[in-house]
Each structure stands twice: as structure tokens, then as C-alpha cells.
Amino acid sequence: MKHMKLFVLLAVICLLVGSAFAVSKLMPATVDQDKCIGCGKCTEQCPTGAITLNDDGVATVDKDKCTGCLKCASACPAEAISA
Ligand code: SF4
Ligand code: SF4
């Protein structure tokens, strides 16, 4: 019985961690194009190359590559990036 409680607890923890990971994958970064000043700092921080500057010099996110880590948002001086 004691082991059963431990098993259930571990199963719940695994479910919560898995759900959080799945949600982060489903929530790629988004750029407020009106706030972006085109400095490119976000592109230097992205580990997957998901965020690039487009022809207008504004950051855009490739949702297929984005993991939702938000390292780009931390680097943005204009607070233009959110989840
Ligand atoms: S959230 Fe992470 S993976 Fe997505 S664009 Fe920003 S730095 Fe790149
Ligand atoms: S760091 Fe912010 S302001 Fe600079 S290019 Fe990226 S989104 Fe635009």
C-alpha cells in the first residue's frame, strides 16, 4: 500500500511535468510588430533559430521551430515579445 501511494504520486508528477511541456510547445512566442525596433537581440538568443528579422526589419517567429522558452523575450529591450 505504501508503494502504491508513491507510485500514484510519481504518476501525478509525470503528468504535470508532461502537461507543462506540452503547453509550452503549444505557446510559441509572439512579437508585437508595433513595439519591435528591429535591434535583432532576440535572434542572437534563440537556441533554435526560430526568430528572425523579416524584410521590413521586424522580428517574426517560426512557430514550427519555437519551443516557447522565451529567451528572446528576456533579451528584448522593447518588451515586444510575449508567449
Ligand atoms: S521562445 Fe525560445 S525558441 Fe521561441 S523564438 Fe523565443 S528564443 Fe526562440
Ligand atoms: S529584441 Fe525585441 S525589439 Fe529587438 S528585434 Fe527582437 S523583438 Fe524586435
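Select Cys42 to begin: leaving aside neighbours within four places in sequence, Cys42 is in contact with Ile51, Ala59, Cys72, Ala75, Cys76 and Ile81, where contact means that two C-beta atoms, placed from the backbone, lie within 7 Å. This is a predicted model, in which local features need pLDDT of at least 70 and side-chain atom pairs count only at pLDDT 80 or more, while totals for chains, interfaces and linings use all residues. Residues are numbered from 1 along each chain as its sequence is written, and chains are lettered from A and ligands numbered from 1 in the order in which they are written.

Now colour the protein chain by secondary structure, which gives three helices and four strands, arranged from the N terminus on as α-β-α-β-β-α-β. Helices (H or I, at least four residues) and strands (E, at least two) are DSSP runs, numbered from the N terminus. Of the contacts in the protein chain with a separation of 6 or more, 59% are accounted for by residues 24 or more positions apart.

Next, colour by burial, for which a residue is buried if 20 or more other C-beta atoms lie within 10 Å of its own, exposed if 12 or fewer, and partly exposed in between. Buried residues make up 16% of the 83 residues in the protein chain. The largest nonpolar core has 13 residues, of which Cys42, Ile51, Cys72 and Ile81 touch the most other members; such a core is a set of buried Ala, Val, Leu, Ile, Met, Phe, Trp, Tyr and Cys residues joined through C-beta atoms within 7 Å.

Show ligand 1 and the 15 residues that surround it, the closest being Ala29, Cys46, Cys66, Cys69 and Cys72; a residue is taken as near a molecule if its C-beta atom, placed from the backbone, lies within 6 Å of it. By class, the shell around ligand 1 has 10 nonpolar, four polar and one charged residues, with Ala, Val, Leu, Ile, Met, Phe, Trp, Tyr, Cys and Pro counted as nonpolar, Asp, Glu, Lys and Arg as charged, and the others, Gly among them, as polar.

Move to ligand 2, which has 14 residues around it, with Cys36, Cys39, Cys42, Ala59 and Cys76 coming nearest. The shell around ligand 2 divides into 11 nonpolar, two polar and one charged residues.

Beyond its neighbours within four places in sequence, Cys76 is in contact with Lys41, Cys42 and Ile81. The C-alpha atoms of Cys76 and Gln45 are separated by 9.7 Å, although the two residues are 31 residues apart along the chain.

Then select Lys71 in helix α3 (residues 71–75), a residue that is partly exposed because it has 17 other C-beta atoms within 10 Å. Not counting residues up to four places away in sequence, Lys71 touches Gln45, Cys46 and Pro47, and its C-alpha lies 7.6 Å from that of Cys42, at a distance of 29 residues in sequence.

Leu70, in the loop between β3 (59–61) and α3, has a positive phi of about 65° although it is not a glycine, and Leu70 is partly exposed, with 18 other C-beta atoms within 10 Å. Glu79, in the loop between α3 and β4, likewise has a positive phi, near 50°, in a residue other than glycine, and Glu79 counts as exposed because it has 9 C-beta neighbours inside 10 Å.
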